[in-house]
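Time to look up a few side chains and what surrounds them.

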Amino acid sequence: MRLRQLEAFRAVMLCQTVTRAADMLFISQPAVTRLLADLEESAGFPLFERARGRLHPTAEAQLLYEEVNRSLIGVERIARMAHAIKTQQRGALHVAAPPSIALSFLPRAIAGFLKDHGEIKIMLGVYDSRTIVDMVIGQRCDLGIVNLSISNTGTHGDTLLTAAHVCVVPVGHRLAGREALVPADIEGELFISHPNNIATRLLIDAMFAAHGVKYQPAQVEVQVSAAMCSLVAAGQGIALVDAITAMEYKGRDLRFIPFEPSVPLEFSVLTPLQHTPPKLVDPFIAYVRKFAIAELDPRLLMK
């Protein structure tokens, strides 16, 4: 029994006339009649009694209809699911990201993305960048976002965005009234840094060294930039933090000041080399990039 025959049978059972069944299926009356005849031949018993221009189902047809209806409902459900997947209204995405982007910026971007993508499920895991690279290589996530240049990851990827760093100081600090800062302004300041095994720390130290500037190391080092902001607010020094962290800070006790020369923090998007990513990956990346461009000060987005 062919699917089209079963659809014609169900339509006639519902409409009781070939004319209305043909209208329902958007085909001709002769086509419906032919499909019914083929189905009866395949079944081996009559399905309808013809009287006064109407079709009256036989008892056998009633029994067959129950099973056909259940089967076609299942087929239609599958077709709807396939359409939803194709149009990115259904699906799942496992995203791994570092704290610098996963603790507030990325959840807001995800919330916006979900508004236009129906019943999508997103799993957001928070890990350090090196762990994320391992997860992508091991195909334990669909998409990884890392604070690393693509050339350092050993996997397939693309740049999501590159944000500049800003200097964060308490509102009462001597530098708080400046519109921009340069390395010489940090000379002798108590400065909160990342641990020296983090690439950003090495980049910042190299920048200060190139300008002959020596800061006074604070008593505490911290891996997560958001914690740097809290330490600055607690009077432990000043710091350079990325623009995304600065944008997400909710307090009014700090001032974030543009800093020159620009110190980049590159966010790269990684996907497994040996695995075709879900169709959701490309529109998700495009949305997050667009969201970042809309949210960030254009002066702090680096090309």
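In which loop does H173 lie? I found H173 between strand 6 (156-170) and strand 7 (190-193); strands here are DSSP runs of E, at least two residues, numbered from the N terminus.

Before going further, a note on sourcing. This is a predicted model, where local features need pLDDT of at least 70 and side-chain atom pairs count only at pLDDT 80 or more, while totals for chains, interfaces and linings use all residues. Residues are numbered from 1 along each chain as its sequence is written, and side-chain values use heavy atoms, with hydrogens and water left out.

Back to H173. I looked up its contacts (heavy atoms within 4.5 Å), and beyond four places in sequence H173 meets E189 and I238. The H173 and E189 side chains are joined by a polar contact of 3.1 Å, that is, a pair of N or O atoms within 3.5 Å, one able to donate a hydrogen and the other to accept it.

Next entry: H56. I placed H56 in strand 2 (residues 54-57). H56 counts as partly exposed because its relative accessibility is 38%, and that class sits between buried (under 20%) and exposed (over 50%), with a 1.4 Å probe and protein chains only. Beyond four places in sequence, H56 touches L47, F48, E49 and A51.

Last entry: the nonpolar core, meaning buried Ala, Val, Leu, Ile, Met, Phe, Trp, Tyr and Cys residues joined through side-chain atoms within 4.5 Å. The largest has 45 residues, and I101, L106, L160 and F284 touch the most other members. I noted another core apart from it, of 21 residues, including F9 and V32.

Notes. Helices (H or I, at least four residues) and strands (E, at least two) are DSSP runs, numbered from the N terminus.
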